[in-house]
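Colleague: I am new to this structure and would like to be walked through it. Could we take it one region at a time?

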Amino acid sequence: MGSFQLLIAVRDRDTFSSDDLVDRFYIDEFLSPNQEITSTYTGQDSTHHDVNITLTLTVVCAENCYGIDCSVICKARDDFIGHYTCDEDGEKVCLEGFTNPGSNCVQIDTCKPVCNPEGGSCDTIGNCVCNIGWTEGNCDVAVCSPECVP
């Protein structure tokens with residue numbers, strides 16, 4: 001939330017005299033993003049004609065800013081830094097195939113090919129990386145240790 005002050009000076013601009021101040025319209029408000037206020041001023045000018053001014057104000061967060069006070073920053077990415085979009089609250093939502101929004105969705109959701117969980121794990125670009133003692137593309141072939149050779 002934030003406060004703002006707005007002062008509007010209404011002047012009579014004509015060729016007969018200098019710009020005469022007709023009246024002032026002052027607003028001092030507290031607004032949250034996406035909240036709308038309407039203020040109406042009614043008065044009279046120096047010739048006693050009615051003057052009406054109606055203002056409708058809406059505060060919106062700047063691009064990539066979210067939250068009740070626009071302090072949550074989230075910029076969608078699909079590059080080496082991260083793979084995510086942002087929801088209406090500025091929370092990261094991982095793109096398909098990626099997981100772990102807390103680390104910018106750089107972790108691959110599933111390996112291609114699928115790794116044997118006992119024999120290996122997926123790296124950040126989707127490759128199966130075998131643990132010591134395992135081999136082949138899916139890390140599903142155990143390599144015999146020296147103790148198993150007769």
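**Core, sheet and loops**

Modeller: Let us start with tyrosine 41, which counts as buried because its relative accessibility is 19%, and the cut-off for buried is under 20%. Please keep in mind that this is a predicted model.

Colleague: Which strand does tyrosine 41 lie in?

Modeller: Tyrosine 41 lies in strand E3. That strand, residues 36-44, has a covered face made of Ile37, Ser39, Tyr41 and Gly43. Its uncovered face holds Glu36, Thr38, Thr40, Thr42 and Gln44.

Colleague: How many bridges pair E3 and E4, and in which sense?

Modeller: E3 and E4 are paired over 9 bridges in the antiparallel sense. As an example, serine 39 has leucine 55 as its bridge partner in E4.

Colleague: Which residues make up the largest nonpolar core?

Modeller: That core has 6 residues in all: Phe25, Ile27, Tyr41, Val51, Ile53 and Leu55. Two or more residues come from each of strand E2 (20-31) and strand E4 (50-58). E4 gives the most, with 3 residues.

Colleague: Changing topic, what is the order of the open sheet of 3 strands?

Modeller: The order is E7-E8-E9, and the pairing is antiparallel. Strand E7 (77-79) and strand E9 (92-94) stand at the edges; each has a single partner strand, so one side of each is left without a neighbour in the sheet. From one strand to the next, the twist averages 35 degrees.

Colleague: And how many bridges pair E8 and E9?

Modeller: Strand E8, residues 82-86, pairs with E9 over 3 bridges, in the antiparallel sense. Within this pairing, tyrosine 84 stands opposite cysteine 94 in E9.

Colleague: What lies over the face of tyrosine 84?

Modeller: Lysine 92 does, at 5.0 Å from the ring centre.

Colleague: How many aromatic pairs does the structure hold?

Modeller: The count of aromatic pairs is 0.

Colleague: What about salt bridges, how many are there?

Modeller: There is 1 salt bridge in the structure. It joins the side chains of arginine 77 and aspartate 79, with an N to O distance of 2.8 Å.

Colleague: Are those two residues buried, partly exposed or exposed?

Modeller: Aspartate 79 counts as partly exposed because its relative accessibility is 26%. Arginine 77, at 25% relative accessibility, also counts as partly exposed.

Colleague: Now the loops. Which residue has a positive phi of about 60 degrees although it is not a glycine?

Modeller: That is cysteine 70. Cysteine 70 is found in the loop between strand E5 (65-66) and strand E6 (72-73). Cysteine 139 also has a positive phi, near 55 degrees.

Colleague: Where does cysteine 139 lie?

Modeller: Cysteine 139 lies in the loop that runs between strand E14 (134-135) and strand E15 (141-142).

Colleague: Is cysteine 139 buried or exposed?

Modeller: Cysteine 139 counts as buried, because its relative accessibility is 0%.

Key
Residues are numbered from 1 along each chain as its sequence is written. This is a predicted model: local features need pLDDT of at least 70, side-chain atom pairs count only at pLDDT 80 or more; totals for chains, interfaces and linings use all residues. Side-chain values use heavy atoms; hydrogens and water are left out. Rings of Phe, Tyr and Trp (its six-membered ring) pair if their centres lie within 6.5 Å; planes under 30 degrees apart count as stacked, over 60 as edge-to-face and the rest as tilted. A charge sits over a ring if NZ of Lys or CZ of Arg is within 6 Å of the ring centre and within 35 degrees of the ring normal. Helices (H or I, at least four residues) and strands (E, at least two) are DSSP runs, numbered from the N terminus. Buried means under 20% relative accessible area, exposed over 50%, partly exposed in between (1.4 Å probe, protein chains only). Two strands pair if DSSP finds at least two bridges between them. Axes are lines fitted to C-alpha atoms, for helices over the stretch in contact, and angles run from 0 to 180 degrees between N-to-C directions. A salt bridge is a side-chain nitrogen of Lys or Arg within 4 Å of a carboxyl oxygen of Asp or Glu. A nonpolar core is a set of buried Ala, Val, Leu, Ile, Met, Phe, Trp, Tyr and Cys residues joined through side-chain atoms within 4.5 Å.
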